[in-house]
Amino acid sequence: MDNRVFKTNTACALYETRACAILNAQSCENCPAAQTEGTKASKTVANYLDLFESLLPEDGVARLFESSECTLCKTEPKGKCSTFAIIDFGHNEPEDLQMRKLFQKNRVGFMLPLQFACCGKCRRRILLLEYLPALGVIIGLTPLIPFFVNPHWMQNLRAVASWFPLVLAVAAIGIGYLAGKLLVKSLKKRFSGLMYWNLMEHPVTQELIAKGWFPLFEEKRTVTPVFTKKRIVYGLGNARSSAYLRKNPENREKAD
Ligand SMILES: [Zn+2]
């Protein structure tokens, strides 16, 4: 991925400031501060960023994606980071930036993708828990497929009663789904000792929830992440921890 940053607008009041680093735009052209003209407006952006930072956990969230080790493994040695598990969070603040997106219950001001460095094993376990019930249905239905595609065998089933094939299919779906669900339940217990399979229970997620953040698209107790090989590098909340540590060069105009 091209990580080069094109910051060319030296006239911007936020140019080379900590706020600019936290805003983390790829270029001045697509920076949210660019849509606000003048020093005063840029200061408003800086105020929003102060609020944003105050809503982050004390150690920020960059530690989750900067880690070379899996942040979901509980056992040592932790797996190597090979993918990122991402959940989008939203916050009601700031109120004057709030909008309601389609399918969202809460009005959202700030948005923050939480990007967990994840190893291959943890990814497979999360996906297994997600897809086992559906897999159970497929496995339950598979033995019936020859009966349904062979007209002669189908006729034999119908000979029992006209509704018999349908009941058989529904029973196979039900049994497969239930078996999958039961297996998920026992696997969750097993996996709990090995990893945070439920990202909502991860300590950093808990810190965020305590500060008023909520998952953007699902409001269940378990939220399934999206997996991606390369993390999101630009945008608010995706800046490296060095951006937050960076010293604010005391309002440039004062220095000028
Ligand atoms: Zn792991």
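Residues are numbered from 1 along each chain as its sequence is written. Because the model is predicted, local features need pLDDT of at least 70 and side-chain atom pairs count only at pLDDT 80 or more, whereas totals for chains, interfaces and linings use all residues.

Helices (H or I, at least four residues) and strands (E, at least two) are DSSP runs, numbered from the N terminus. Two strands pair if DSSP finds at least two bridges between them. Strand S1 (residues 83–90) runs antiparallel to strand S2 (residues 111–118), to which 8 bridges join S1. Asp88 has Pro113 in S2 as its bridge partner. S1 also pairs in the antiparallel sense with strand S4 (residues 226–228), over 3 bridges, and here Phe84 stands opposite Thr228. With strand S3 (residues 214–215), the antiparallel pairing of S1 has 2 bridges; the partner of Gly90 in S3 is Phe214.

Helix H4 (residues 120–141) packs against helix H7 (residues 164–192) at an angle of about 155°, and their axes are 6 Å apart. Axes are lines fitted to C-alpha atoms, for helices over the stretch in contact, and angles run from 0 to 180 degrees between N-to-C directions. H4 and H7 are therefore roughly antiparallel to each other (angles under 35 degrees count as roughly parallel, over 145 as roughly antiparallel, 65 to 115 as roughly perpendicular and the rest as oblique). The contact of H4 with H7 has 18 nonpolar, 4 polar and 3 charged residues. In this classification Ala, Val, Leu, Ile, Met, Phe, Trp, Tyr, Cys and Pro count as nonpolar, Asp, Glu, Lys and Arg as charged, and the others, Gly among them, as polar.

Some loop residues have backbone features of note. Glu76 and Pro77 are joined by a cis peptide bond, with omega about -10°; Pro77 is in the loop between helix H3 (62–66) and S1. The peptide bond from Glu93 to Pro94 is cis, with omega near -15°, and Pro94 lies in the loop between S1 and S2. Asn24, a residue other than glycine, has a positive phi, near 60°, and its place is in the loop between helix H1 (18–23) and helix H2 (38–54).
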